[in-house]
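Keep the structure open beside the text as you read.

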Amino acid sequence: MNKGEQTRQSILNEAARVASRIGLSGMTIGSLAEQAGMSKSGLFAHFKSKEALQGETLAHASAVFIDRVMRPALAAPRGETRLRTLFDGWLKWCAGDALPGGCPMLAAVAELDDQPGVVREQLVRSQRDLMDSLAQMYRAAVSEGQFHDAADAEQFAHDFYGVMMAFSYAYRLLKDPAAEQRARRAFDNLLAAARRQHPVHA
């Protein structure tokens, strides 16, 4: 990695930290330059626009999530063990294990849900990829004979994601001391339902 690439990575590391605290929309080239100890013109030379900065920050945060959360899960045995490893890593991620303000992607979901543009489209793609990965992990557990095969893998992914969003909300906004306990109970219930021989229909 040359000096220019090292500088860019340093900027993106700082940008991800800032975005985790104040969101993508609150981050400007000027404020980030101050945080990174650079001139505004020097930082602008790397990104050219606020939109490009937001997009690259989001991509960088996603890459960190993959490295910190997804890779350890994928290294675990297929099935329930993999899902539990993912859950534990994701809890730490949302609690600020890697970035001080928690998950920038979850924050961006609230920021960008009704804001059309290329950054929103990028976020949608990354979140759909994540949901697909969750569904594939469920199917792997089915193939291992651990979960019943009559359930909807996409519904499992939806519910898993919902547990993580609820945890982030309870932990970060409400400062609920029982947030992790409640999330673990909800996840255990989700896995218990998956182990049933027949899905429960509402």
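Cysteine 94 counts as buried, because its relative accessibility is 0%; buried means under 20% relative accessible area, exposed over 50%, and partly exposed in between, with a 1.4 Å probe and protein chains only. Cysteine 103 is in no disulfide, and the nearest cysteine sulfur, that of cysteine 94, is 5.5 Å away.

## How the model is treated

This is a predicted model, in which local features need pLDDT of at least 70 and side-chain atom pairs count only at pLDDT 80 or more, while totals for chains, interfaces and linings use all residues. Residues are numbered from 1 along each chain as its sequence is written, and side-chain values use heavy atoms, with hydrogens and water left out.

## The overall fold

The protein has nine helices and zero strands, and from the N terminus its elements run α-α-α-α-α-α-α-α-α. Helices (H or I, at least four residues) and strands (E, at least two) are DSSP runs, numbered from the N terminus.

Along its principal axes, the C-alpha trace spans about 60 × 35 × 30 Å. Of the 202 residues, 39% count as buried. Looking at contacts between residues at least 6 apart in sequence, 66% join residues at least 24 apart; contact here means heavy atoms within 4.5 Å.

## Helix 5 against helix 7

Helix 5 (residues 80-94) packs with helix 7 (residues 118-143) at an angle of about 145°, and their axes are 8 Å apart. The axes are lines fitted to C-alpha atoms, for helices over the stretch in contact, and angles run from 0 to 180 degrees between N-to-C directions. Which residues make the contact? Helix 5 gives Glu80, Arg82, Leu83, Leu86 and Trp90, while helix 7 gives Leu130, Leu134, Met137 and Ala141.

By class, the residues of this contact are seven nonpolar, no polar and two charged. Ala, Val, Leu, Ile, Met, Phe, Trp, Tyr, Cys and Pro count as nonpolar, Asp, Glu, Lys and Arg as charged, and the others, Gly among them, as polar.

## The second largest pocket

The second largest pocket holds about 240 Å³ of space. On a 1 Å grid over the protein atoms alone, a pocket is an open set of points where a 1.4 Å probe fits, with protein on both sides within 12 Å along at least five of seven lines, and lining residues have an atom within 4 Å of a point. Grid points are joined across faces, edges and corners, and a volume is the space filled by probe spheres set on the points.

Of the 15 lining residues, those closest to the centre are Phe65, Ile66, Met70, Ser126 and Leu130. Helix 4 (50-75), helix 6 (104-112) and helix 7 each supply at least two residues of the lining. The lining has 10 nonpolar, four polar and one charged residues.

## Single residues worth a click

Serine 168 sits in helix 8 and is buried, with a relative accessible area of 13%. Its contacts, leaving aside neighbours within four places in sequence, are Cys94, Leu106 and Leu173. Glutamine 127, in helix 7, is buried with a relative accessible area of 13%. Not counting residues up to four places away in sequence, glutamine 127 touches Met105 and Tyr161.

Glutamate 56 belongs to helix 4 and counts as partly exposed, at 27% relative accessibility. Glutamate 56 and valine 119 are 63 residues apart in sequence and 9.1 Å apart in space, C-alpha to C-alpha. By contrast, serine 39 and threonine 81 are 42 residues apart in sequence and 47 Å apart in space, C-alpha to C-alpha. Lysine 175 lies in the loop between helix 8 (153-173) and helix 9 (179-195), and its phi is near 55°, a positive value in a residue other than glycine. Is lysine 175 buried or exposed? Lysine 175 counts as exposed, because its relative accessibility is 59%.

Conventions
A disulfide is a pair of cysteine sulfur atoms within 2.5 Å.
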